[in-house]
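Visitor: I would like to learn how to read a few features of a model. Please take me through them one at a time.

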Amino acid sequence: MGRASNPSGIAPSFPKEALQDVDCGICGSAENEPQFQDGAFSVVACSSCGVTFVTPRLLDASLIENVYDESYWNSSEAKTHGYSDYAGDAELYKRTYRDRLAIVHRHFSSTRREDGSPRRVLDVGCAAGYFLSVMAEDDWDISGLEPSDAIRVRAEAELGKENVSGGLLGMDDFEPRSFDLVTFWDVIEHIPDPRAALVRAGELLAPGGLLIIETQDVSSRAAKVLGKKWQHYKHAEHIYHFNPATLTALLDSAGFDSLENSGRLGGKYVTFAFVAERVGRIHPFLSFLASPLRLLGQKALYINLFDEMIVVAKPRT
Ligand SMILES: [Zn+2]
């Protein structure tokens, strides 16, 4: 399927017939309140459960096939679609995840189980494997699941083929109760049926196991101030936008109790060039003001807009 850039600048455009109206994928309600329209896409809030979602959208199979191809990971339109150079920013991603290891260490005092074997982590939507690379440095036994063929080859190169699987959670053949930790970094908002994915994650967790989810917070100050220009409105790929209440409710319905929800480590190391690119999305004049930042190019800075939630949850027993 061809993809052209959308004059509105918020999302790539797809042939209209590829998009279908959807009911709320969390509670099934057909009633919703439109928040705003952008090209073919509407961002709506479910009248029943309150979750924010995008309709119409690409349906499940065409979503993976058409959104997460090579151009997603090496996008010339990263402010609206995908990442500008996911592999080139490897060290920045790893630095971000090394900081976030503090969350893992807070909940697991040892990387070894009582029998001395290494603890096991599954990263769902592991992309090029940067989080798992950091976990391997920390002595964990790692497994990654990544449906996008285009990026999975990078994960295989980074982590070893035996540690990476293709496909989707729920169609996997992992052994139940075999993981100590299952993670979803910037992933749950992409999944058409997030509850089913979380239920499966619960089945895969061993006693004492935990779930970590990071996703953007649609009720954050940044989301409110920036409105439809908020950087997380990428309609083809971010099909859900949670807030603390809707995320907690989703976890509850999938059989999890939330232990903590914090934006404190939700920031990311980015390059100055990235900042210059993103502020151009807010207003072209800001792009002009920020253009000297491009000279700083690949120098890194840590940015936290507190518009991400990192939730740690445990299966209810
Ligand atoms: Zn709903």
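Visitor: Which side chain makes a polar contact with the side chain of H232?

Guide: A polar contact is a pair of N or O atoms within 3.5 Å; within protein, one must be able to donate a hydrogen and the other to accept it, and residues adjacent in sequence count only if both atoms are side-chain atoms. Here the partner of H232 is the side chain of E308, at 3.4 Å. This is a predicted model: local features need pLDDT of at least 70, side-chain atom pairs count only at pLDDT 80 or more, and totals for chains, interfaces and linings use all residues. Side-chain values use heavy atoms, without hydrogens and water, and residues are numbered from 1 along each chain as its sequence is written.

Visitor: Where is H232, and is H232 buried or exposed?

Guide: Helices (H or I, at least four residues) and strands (E, at least two) are DSSP runs, numbered from the N terminus. H232 sits in the loop between α7 (221-226) and β11 (240-241). Buried means under 20% relative accessible area, exposed over 50%, partly exposed in between (1.4 Å probe, protein chains only). H232 is buried, at 7%. Leaving aside residues up to four places away in sequence, H232 touches Q216, H238, H241, D307 and E308 (contact means heavy atoms within 4.5 Å).

Visitor: Which residues are the protein donors of the zinc ion?

Guide: Donors are N, O and S atoms within 2.8 Å of the metal (3.2 Å for Na, K and Ca); water is not among the atoms, so sites may look incomplete. The SG atoms of C24, C27, C46 and C49 lie 2.3 Å from the zinc ion. Their sequence spacing is C-x2-C-x18-C-x2-C. C24 lies in the loop between β1 (19-20) and β2 (32-38), and C49 in the loop between β3 (41-46) and β4 (52-55), so this pair ties together parts 25 residues apart in sequence.

Visitor: Why is the arrangement tetrahedral?

Guide: Four donors count as tetrahedral if all angles lie between 85 and 135 degrees. The 4 donor atoms around the zinc ion subtend angles of 100 to 115 degrees, which makes the arrangement tetrahedral.

Visitor: How many disulfides does a search of the whole structure find?

Guide: The cut-off is a pair of cysteine sulfur atoms within 2.5 Å. The search finds 0.

Definitions and conventions. Tetrahedral: all angles 85-135°; square planar, octahedral: opposite > 155°, others 65-115°.
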